[in-house]
Amino acid sequence: MYTFQDLINITAKLRSEEGCSWDRAQTHESLKPYLTEESGEVLQAIDRGDMENLCEELGDVLFQVMLHSQIAAEAGDFTIEDVIDGICDKMVFRHPYVFGGENAAGKGGRALTWEELKNLDKLRKNRYKDS
């Protein structure tokens with residue numbers, strides 16, 4: 001069975017000089033219609049209740065994420081590891097009732113709403129950028 005590291009390596013190889021000319025020619029902009037198309041195919045698989053096709057289509061969406069991340073890495077903008085770190089950090093921060101943390105209870109012991117957590121998360125990230 002392939003691993004996530006295999007997917008990283010395959011994506012990089014496809015974008016390399018020894019890889020695929022079509023993959024190598026893609027940009028964030030040129031990939032936009034494919035991300036829309038693949039996302040639509042995920043929705044169709046869900047509507048049909050077709051789990052086998054859903055699995056395949058989620059893989060296609062994941063490959064879109066991989067291509068965008070590889071293009072960004074080549075430009076020195078960010079890597080797939082940055083994407084993973086960012087979403088993990090966001091989910092842990094926004095679910096303090098699951099993972100614990102100082103935001104588990106807001107003012108007066110009241111649990112913070114999703115919107116409050118989302119706003120706090122944005123403030124926190126802006127503070128990191130400014131420092």
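Visitor: Let's start with Val 61: in which helix is it found?

Guide: Val 61 belongs to helix α4, where a helix is a DSSP run of H or I of at least four residues, numbered from the N terminus. Bear in mind that this is a predicted model, where local features need pLDDT of at least 70 and side-chain atom pairs 80 or more, while totals for chains, interfaces and linings use all residues. Residues are numbered from 1 along each chain as its sequence is written, and side-chain values use heavy atoms, with hydrogens and water left out.

Visitor: Why is Val 61 called buried?

Guide: Its relative accessible area is 19%, and buried means under 20%, with exposed over 50% and partly exposed in between (1.4 Å probe, protein chains only). So Val 61 makes the buried class.

Visitor: What is Val 61 in contact with, leaving aside its neighbours within four places in sequence?

Guide: Glu 38, Ser 39 and Val 42, counting a contact as heavy atoms within 4.5 Å. Thr 36 sits 25 residues from Val 61 along the chain, with 9.2 Å between their C-alpha atoms.

Visitor: Which other residues of α4 are buried?

Guide: Among them are Asn 53, Leu 54, Glu 57, Gln 64, Met 66, Leu 67 and Ile 71. The buried residues of α4 pack against α1 (4-15), α2 (21-25), α3 (28-48) and α5 (80-94). As background, an α-helix has 3.6 residues a turn, so residues three or four places apart point the same way.

Visitor: How do you know that the span of helix α4 agrees with what it should be?

Guide: The rule is 1.5 Å times one less than the number of residues. For the 24 residues of α4 (51-74) that gives 34 Å, and the end C-alpha atoms are 34 Å apart, so the two agree. Helix α5 passes as well: its 15 residues should span 21 Å, and its ends are 21 Å apart. The buried residues of α5 are Ile 80, Phe 93 and Arg 94.

Visitor: What makes the chain more spread out than a compact globule?

Guide: First, the layout: 7 helices and 0 strands, in the order α-α-α-α-α-α-α. The radius of gyration is 19 Å, well over the 14 Å from the globule rule for 131 residues, so the chain is more spread out than a compact globule. That radius is taken over C-alpha atoms, and the rule is 2.2 Å times the number of residues to the power 0.38. The C-alpha atoms fill a box of roughly 60 × 45 × 30 Å along the principal axes, and 26% of the 131 residues count as buried.

Visitor: How many disulfides does the structure hold?

Guide: It holds 0, a disulfide being a pair of cysteine sulfur atoms within 2.5 Å. Cys 55 counts as exposed because its relative accessibility is 58%, and Cys 88, at 43%, counts as partly exposed.

Visitor: Why does Glu 115 count as partly exposed?

Guide: Its relative accessibility comes to 44%, so it takes that label. Glu 115 is found in helix α7 (residues 114-130), and its C-alpha is 27 Å from that of Ile 80, 35 residues away in sequence.

Visitor: What does the UniProt annotation cover?

Guide: The unreviewed entry gives "domain: NTP pyrophosphohydrolase MazG-like" for residues 26-99; such annotations may be inferred rather than shown by experiment. In the model, that span is 86% helix and 0% strand, with its end C-alpha atoms 39 Å apart.

Note on methods. Helices (H or I, at least four residues) and strands (E, at least two) are DSSP runs, numbered from the N terminus.
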